[in-house]
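Subject: Structure for you to look at

Hello,

Here is the structure I promised to pass on. My notes follow below it.

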Amino acid sequence: MISALDAIGSRLSQWFSWIGGIALLGMTALACANMLMRPMGAPIAGAYELIGFLGALVVAFSLGHSQLNRAHISVDILTTRYSEKTRRLIDAVNSFLCMIFFLLVTWRTAHYATTIWRRGETSETLRMIYYPFVYAVSLCCLLLAVLLLVNLLKALFPKAGQKA
């Protein structure tokens with residue numbers, strides 16, 4: 001079960017990374033085009049709005065990849081001196097608490113997106129619907145929670161000879 005969840009999480013993280021990369025390319029292209037058009041007196045309408053939405057996608061869609069590669073900030077000055085069993089316990093507690101936190105973030109973000117959708121809210125400049133971006137962020141937080149669940153299970157049930 002752990003290996004199946006791990007494989008699914010890894011594959012989804014890879015796909016999400018690609019989507020985040022495409023959003024980053026779009027954000028960069030839009031920012032460059034806007035900078036080039038501004039001196040000519042024809043800035044792109046709503047560029048700041050679109051760059052903000054794309055920026056949210058870039059950050060959200062990179063969460064899973066960052067978790068898999070442990071690319072986040074980690075302070076382990078003290079824990080490197082602990083036994084492997086103690087480190088696994090600390091990792092399990094940390095993964096559990098972070099998983100609960102990101103499940104709550106997923107729930108509240110999805111609730112917020114639903115509220116925006118029901119109210120018919122649109123962005124200020126372009127008047128475009130933006131709840132899909134909020135749902136996308138919620139989905140990415142859910143993926144992170146699943147990856148944290150995998151970390152929790154790996155910490156609680158390590159295979160023989162496997163480092164935690």
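Which hand does the crossing of α4 and α5 have? The crossing is left-handed (the near helix is turned anticlockwise from the far one by less than a right angle; clockwise would be right-handed).

First, the ground rules. This is a predicted model, in which local features need pLDDT of at least 70 and side-chain atom pairs count only at pLDDT 80 or more, while totals for chains, interfaces and linings use all residues. Residues are numbered from 1 along each chain as its sequence is written, and side-chain values use heavy atoms, with hydrogens and water left out.

The chain has five helices and zero strands (DSSP runs numbered from the N terminus: H or I of at least four residues for helices, E of at least two for strands).

The axes of α4 (residues 84-119) and α5 (residues 131-156) come within 8 Å and cross at roughly 160 degrees (axes are lines fitted to C-alpha atoms over the stretch in contact, with angles from 0 to 180 degrees between N-to-C directions). That makes α4 roughly antiparallel to α5 (over 145 degrees; under 35 is roughly parallel, 65 to 115 roughly perpendicular, the rest oblique).

On cysteines, the count is zero disulfides (a disulfide being a pair of cysteine sulfur atoms within 2.5 Å). For cysteine 98, the nearest cysteine sulfur is that of cysteine 141, 12 Å away. The sulfur of cysteine 140 lies 7.1 Å from its closest cysteine sulfur, in cysteine 141, too far for a bond. Cysteine 140 is buried at 1% relative accessible area, whereas cysteine 98, at 26%, counts as partly exposed (buried is under 20%, exposed over 50%, partly exposed in between, with a 1.4 Å probe and protein chains only).

Regards
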